[in-house]
Amino acid sequence: MTSETSPATVPISAVMQRPLWRDTFSSLRLHNYRLYVIAQFIAYTAAWVQRIAVDWLVLELTGNVALVGLTIAIQFTPTIVLGAYAGVIADRFDKRATLMIAQSIIGVLSLALAIVTILGVAELWLVYLLVLLMGIIQVFDNPARAVFVNELVGPRHLRNAISLNASIFHSGAFLGPALSGVLIVAAGSGWAIGINAVAVVIGVIILASMRKRELLIAPRAPGTKGQIREAMRYIRNKPTLFWTMVMVFVIAVFGMPMPTLLAAMANTVYETGASGYGLYNSLAAIGALLGALASARRSSLRLRTIIFGAVLYGVAMMLAGIVPIYSLFLGVLIGIGLSRLLLMTAAETMVQLSSNLVIRGRVMAFYVMVILGGQAVGGPLMGTIAELWGAKIAFVIAGGVPTVVAITIAILLARSGRLTVRVAPRRTGRWMAIVPHPRSRAITESMPIVGSGSGSGAAAAHAPTSRNRLRALRASLSRGARKRRSPKEDL
């Protein structure tokens, strides 16, 4: 069984030193990780090129935005069913071999889909079948890919590598659609899909060429019963894992089907076609690249960082649906790319660094299930909303729901920690601060201290003030957090 001394009710604090500019991408100094980054960037970007090309292909075949959303559901539904078992495999078997086998199969399926599309014989049922098969194989690729970074860089560069890896993933989510739009216009959906088959071959070759002697093979979990239940309990008992995954699920359902929403904007609102669709994704990609640089230089990470990031992303999405001028809409897309990458990079970093290495594969499997499962639900949902009520209303809903949920989670966390907001005069140096609730302070001061005396009078005489208690608690938590080197968990 896996355990850590971090009670669910106690926040953990830790300081992440801001790296020097020359150390912003320090993990790239390692040979294997440099190769891995190249493979990751190619794989993620090409996968999104294919996904957008498939979405556009379905739109061309049917003219129905809701069926485009159904394509997303078919691709990601296997993750909901098999994701937990894929996490067990990631913890028990060689991760590099798992990646090479999974990518090889995906490459064959991508090639088949590209050929039938180029030949003009693609039908909706065949597209759905090939997408489903790729989704099944991708289930086993995702958790192994997420935790393989630990074997590449070791503990010294782990924080930097996880942040950079997450940045590459979400940068690909913006760059891929932009490139796909250009390829669709220039050559058609089939050739855009074929790019992924080529990228898979390159990725497998890069993985095979790594220096095996430099890999830091992680300890493998034993083949015992109840490993999935163990991971579920582990996640539920850690606030940084549980609340992060709740927030990410909401973002995945309402915010991540953005390619579907952008396709609807290009097709029905601004009538710009595939070229406009490519432009929208290019602008979001610019924001994502800015967010990637900012995330690599993040000096601290807290649960409230993720909550605030969700609010920022939600507001940006709502603005995209509200602004009445086309040029303003284009500008908002940059903010959407920036805020989403910062949010999702922070979320993945928090999940990875908050979990024990032996169980991390299963934890990341659930994290991937949350993201892809949310998109499986959100794709048809947001596609249907865009079809019935229009793309602008869909954008407002896609941003409004995550904003409300993020604020609700912040209130729940504040109440569970007996915190309140104090508005102070300017002379105190801070307009606003999160402090212990007066009722909580009164309860603390009235509690007897064990061992301070034989009666309540002795306890009261020797009881420290609530401020001293708070300082002592903070100092204790800070010392413990520095030992564990985990991210900040306090609100």
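# Group meeting: a walk through a helical model

Let me start at one residue. Valine 351 sits in helix 12, which covers residues 326-353. A word on terms: helices are DSSP runs of H or I with at least four residues, strands are E runs of at least two, and both are numbered from the N terminus.

Now the ground rules. This is a predicted model, so local features need pLDDT of at least 70 and side-chain atom pairs count only at pLDDT 80 or more, while totals for chains, interfaces and linings use all residues. Residues are numbered from 1 along each chain as its sequence is written, and side-chain values use heavy atoms, with hydrogens and water left out.

Back to valine 351. Is valine 351 buried or exposed? It counts as buried, because its relative accessibility is 0%. Buried means under 20% relative accessible area, exposed means over 50%, and partly exposed lies in between, with a 1.4 Å probe and protein chains only. What does valine 351 touch, leaving out residues up to four places away in sequence? Leu241, Thr244, Met245, Val363, Met364 and Tyr367. A contact here is heavy atoms within 4.5 Å. Threonine 244 is 107 residues away along the chain from valine 351, yet their C-alpha atoms are separated by 7.5 Å.

Next, the whole chain. The protein has 491 residues, and 54% of them are buried. Its secondary structure comes to 17 helices and two strands. Take the contacts with a separation of 6 or more: 84% of them join residues 24 or more positions apart.

On to packing. A nonpolar core is a set of buried Ala, Val, Leu, Ile, Met, Phe, Trp, Tyr and Cys residues joined through side-chain atoms within 4.5 Å. The largest one holds 105 residues. Which members touch the most others? Met247, Tyr280, Phe329, Ile336, Tyr367 and Phe395. Helix 13, residues 360-389, gives the most to this core, with 13 residues. A second, separate core has 23 residues, among them Leu99, Val153, Met210 and Leu353.

Look at tyrosine 280. Beyond its neighbours within four places in sequence, tyrosine 280 contacts Leu262, Met265, Ala266, Tyr270, Thr272, Tyr326, Phe329, Leu330 and Leu333.

Tyrosine 313 counts as buried because its relative accessibility is 0%. Setting aside neighbours within four places, its contacts are Ile251, Gly255, Met256, Ile336, Ser339, Arg340 and Leu343. Its C-alpha atom is 9.3 Å from that of leucine 341, 28 residues apart along the chain.

Now helix 1, residues 31-62. Helix 1 has 32 residues and reaches 47 Å from first C-alpha to last, close to the 46 Å expected at 1.5 Å a residue. The expected span is 1.5 Å times one less than the number of residues. Helix 1 is mostly covered, with 23 of its 32 residues buried. Just after helix 1, glycine 63 takes a positive phi of about 70°.

Glutamine 50 lies in helix 1. Glutamine 50 is buried, at a relative accessible area of 8%. Apart from residues up to four places away, it touches Ser110, Met134, Ile193 and Asn196.

Helix 2 next. Helix 2 runs over residues 65-92, and its 28 residues should span 40 Å; the end C-alpha atoms are 41 Å apart, which agrees. There is also a kink of about 65° in helix 2, centred on leucine 82. That bend is the angle between axes fitted to the seven residues ending there and the seven starting there.

Valine 200 is in helix 6, residues 189-208. At 5% relative accessibility, valine 200 counts as buried. Outside four places in sequence, it touches Gln103, Ser104, Ile106 and Gly107. A cavity is a set of points, on a 1 Å grid over the protein atoms alone, where a 1.4 Å probe fits but cannot get out; lining residues have an atom within 4 Å of a point. How many cavities of 30 Å³ or more does the structure hold? Seven. The largest cavity has about 770 Å³ of space, the volume being the space filled by probe spheres set on the points, which are joined across faces, edges and corners. Of its 43 lining residues, Tyr44, Ala47, Gln138, Asn142 and Phe169 are the closest to its centre. Helix 1 gives the most to that lining, with 10 residues.

Technical notes
1 Å grid on protein atoms, 1.4 Å probe; cavity = no way out; pocket = protein on both sides within 12 Å on 5 of 7 lines; lining within 4 Å.
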